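Work through the exercises below with the model open. Each task is followed by a solution in steps.

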Amino acid sequence: MFLNCHSWFSLNYGTLSVVDLLKEARRCSVPKLALTDINNTSGMSDFVRLAPSYGVEPVAGIEFRTGAFHHYTGLAKNEEGFRALNEFLTFSLRKGTAEQPEFPDTPPVLKDVFWVIPYSPAMKVSPAAIRNHPDFYLGIRRSQLNRLRFSDWQQVRKKLVAFHPVTFKHAGGFQLHHLLRAVAKNTLLSRLSPDEIAHEDECMLTPGEVQRSFVDFPELIFNAHALLDQCSIDFHFHESKNKSTFSGSTALDLEILRRETYLGLEYRYGEGTDEVRSRVEKELKMIAELGFAAYFLINWDIIRYAQHKNYSYVGRGSGANSIVAYCLRITDVDPIELDLYFERFINPARTSPPDFDIDFSWTDRDDMTEYIFRSYGNDHVALLGAYSTYQSNAVVRELGKVFGLPKGEIDYIVENRRHPDTPDRITKQINYYAMQLQDFPNHLTIHACGIIISEKPISYYTATFMPPKGFPTTQFSMLEAEDLGYCKLDILSQRGLGHIKDTVDIVKENRGEKIDIHDVAAFKKDEVIKSLIRTGRCMGCFYVESPAMRMLLKKLAVDTYIQLVAASSIIRPGVAKSGMMREYILRTHDPARRTYIHPLMKELMEETYGIMVYQEDVIKVAYHFAGLTLSESDSLRRGMSGKFRSRDEFARIQDKYFSNCREKGYPDAISTEVWRQIESFAGYSFSKGHSASYAVESFQSLYLKAHYPKEFMVGVINNFGGFYRTEFYVHEARMSGAKIHAPCINRSYYKTSITGDDIFLGFIHLAGLEKKVSEAFLRERDVNGEFGGLADFMKRVSIEVEQLRILIRIGAFRFTGRSKKQLLWDIHMEIGSERKTEKHYALFETGTKTFTLPELVHHPVDDAHDEIELLGFPLCSPFSLLANESPVKNLAADLPKFIGRRIEIVGYMVTAKYTSTVKREMMMFGTFLDSEGYFFDTTHFPKVADQYPFRGRGLYLIRGKVDVEFGFCSITVDSMEKLSTR
């Protein structure tokens, strides 16, 4: 009977989560039902996994629709049938679009699939097809029975089935559905066509209620039961679905893994100590026992291709704790040097392989992804999907639109949660339904980096869709993938690697020097690098350039690799919020504070002064201190980070933690405090291997900054995506001794370039300048040489006048010696009122008519305003733009002289961070440049933040008291005003 049930993965149509649907089935004593979401299989994994715990036998299916038109519903008889349905949906989605897929009028004949065509005057399937094919049936709703009495169909009742769709829970659910349909169609509720909406009776009923509705047609109930009885589905959860072998043979995989590991051992360690060889053997044995050899070799294969293509990469994640991964060169982290905890990476209780997160430059990742698909087969490889969900402000805006409110009123409701005049009925409804829709899936999207490689074709478990990147993507997320038994590969894009790679190339071109950027061992001993870290001068360097990290590095006086590894995890939000970051700083400077809540804690965490810094610390404490198993300890770590599927399981582990602590005789106060530290910390920490991988990349960046600062900043500028805006990387290049030049027609390229100490900004930075225009005149310059002037440029390049004006206003023709205003007049002397130049070559030059222009006044401030408009920042000092010269002359270097006293200082705003206090009041942290170009930092507590808010970018007069902590000075602001500029 229940052949057509929808969850909220019938996107913008269904209103029940998978769990809610199963709860309704249990409430109504429904023993078996089919989940048939519209053009979607996202909920199927959870449905099949959870159904038995609700006393429901699951059936898999898909409802096929184009817009509002319901073509047919497919029911899978078994796993092969579900695969066939998925492949049909995948093909149809690619043929059309996600919004308008193309389905044939008659469903395809698929083995192991039943087809139910909803009875309708508009149905496109011919009666003959339904009558003649044994797996085609006509679905009849309760409301259609009277019509059936007078139809020829009642003569062939064996082909008819009772058809009662389920879409919502009750009448309130219908209203929610109504709103979702209006949002989906981007129309007012009052204008929504009835065809777009489900029938109001699409709620779960008891089997008895359905049977009474079909009392005159009992055959339809019997036929529906017969269909369901022939259907079943089993995904064999938590059995590995990953590609089982790399070479086609498990024995050969182990042979290859051993051979390549020992070749890598020689590369990494030479002969290797007994400790190294013992650790390698221990890991190889565990990898073989747990069946992870193929996973390691696939990652090795990916890295091998990257090395062949000379791509920069960084391997990180819990797999960075592995010496086998280090020898295979998947990672650059030596687990022996760092004493990395083996059980974080792998243990006998672990059912899934360790995580390898492999970062590539943003310019290389797509090729790496293509290689994986090419090597392992499109049918067996897919990107992981994700769900974009409705969140508070966005859903309020969507609901405001369908209720017909004007934008101004919607904005007010978003900001104040009430109507600007009165809290009227509509506003109350908007707020009520916004809460109901919170976290509803809205549309499918892509996981940031996850890829799965399947032993069987992926269509056994999901249909795939094709996002703009052009790679097949699962309709389920990483959580469902893990439940099914998949372990994802994380292939990430990172701009930090891009600037490292580009800088190496720029240094080779500009200085003729070749850099071995992988000589990290030498970088760790470099005194210049140590000085940069200790003083927090890390602008542009991966992961260590933010104001918060600059503060932490200075407070800790970090100057070693091991210290930087710790700092990379300590900076994470959970550690800071719990107070452990501050305590770690205090214990670093004061050995007397290095007390341990229990003697075992000293043994476990002496290296970090008794503070939990890494994810491994959670496992160590849970396993050694509380006596949980390694599997439970790892589940605890995952649960703290929100990566758990069962809150009941997590609660069981929590109960066992406290039970074990009591059995061990620990005082409740100690057990509770240790749990508090775990709870407040674990969700945001890194594994030590992960932090170490970040630190390796930080050292590579720091080496380039220390020894090639100008080239390094060009690399950073060209890769975008750092913590700061481009303006401040340009500023840092200037502070490093570079001469900064605006784009020039004859000297600049599309990206920023450097020759000697001269940096010419690239045309990519000019707002409004089209890329194809830049490429055209750069190509002309490459072929026929530099331009002699504006007239020569206009004869050789076809360009819109508006595009040409951008080039003139930024000073790209300054080599001509003519002012911008003169050049703007020259355009019209050349082409009159034409709006575009035409490329032409003349045998004889005819000359240009000249006119005498009046004196055209030019001021450097005009250049600054052009630069702000086109580049986003001035190339002069922003302090030179003050309307009135400030009498305040204090600098960042003067802060130590004012410790404990008030100071006035003028600063150019770099960045502001908004945060909330424990009382949920807003406060801010600011970063500024002084008039000499050096950073200083400010703290704005709630009252000051409210009274003296930031008013956008610009120059501010700041007044406050200078505080110092462990050598790091900052200003606690008591007032601030934005200064006027010319």
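**Exercise 1.** Determine the handedness of the crossing of H37 and H38, and describe their packing.

Step 1. Helices are DSSP runs of H or I with at least four residues, strands are runs of E with at least two, and both are numbered from the N terminus.

Step 2. The contact (heavy atoms within 4.5 Å) involves Val801, Leu804, Arg805, Ile808 and Arg809 on H37, and Lys820, Leu823, Leu824, Ile827, His828 and Ile831 on H38. By class, 7 of these residues are nonpolar, 1 is polar and 3 are charged. Nonpolar covers Ala, Val, Leu, Ile, Met, Phe, Trp, Tyr, Cys and Pro, charged covers Asp, Glu, Lys and Arg, and polar covers the others, Gly among them.

Step 3. H37 spans residues 801–809 and H38 residues 820–831; their axes are 9 Å apart at an angle of about 155°. Axes are lines fitted to C-alpha atoms, for helices over the stretch in contact, with angles from 0 to 180 degrees between N-to-C directions.

Step 4. H37 and H38 are therefore roughly antiparallel (over 145 degrees; under 35 is roughly parallel, 65 to 115 roughly perpendicular, the rest oblique).

The model is predicted: local features need pLDDT of at least 70, side-chain atom pairs count only at pLDDT 80 or more, and totals for chains, interfaces and linings use all residues. Residues are numbered from 1 along each chain as its sequence is written, and side-chain values use heavy atoms, with hydrogens and water left out.

**Exercise 2.** Trace the bridge partners from Ile903 into S20, then from Gly960 into S21.

Step 1. S17 (residues 902–916) pairs with S20 (residues 955–965) in the antiparallel sense over 7 bridges; pairing requires at least two DSSP bridges between the strands. Ile903 has Gly960 as its bridge partner in S20.

Step 2. S20 also runs antiparallel to S21 (residues 968–978), joined by 10 bridges. Here Gly960 is bridged to Val973.

Step 3. S20 and S21 make a hairpin with 2 residues between them, and Phe966 in the turn has a positive phi of about 55°.

**Exercise 3.** Give the strand order of the open sheet that contains S14, S15 and S16.

Step 1. The order is S14-S16-S15, with mixed pairing.

Step 2. S14 (739–741) and S15 (753–755) are the edge strands, each pairing on one side only.

Step 3. S15 and S16 (residues 758–760) run antiparallel, joined by 3 bridges; Ser753 is partnered with Phe760.

Key
A crossing is left-handed if the near helix is turned anticlockwise from the far one by less than a right angle, and right-handed if clockwise.
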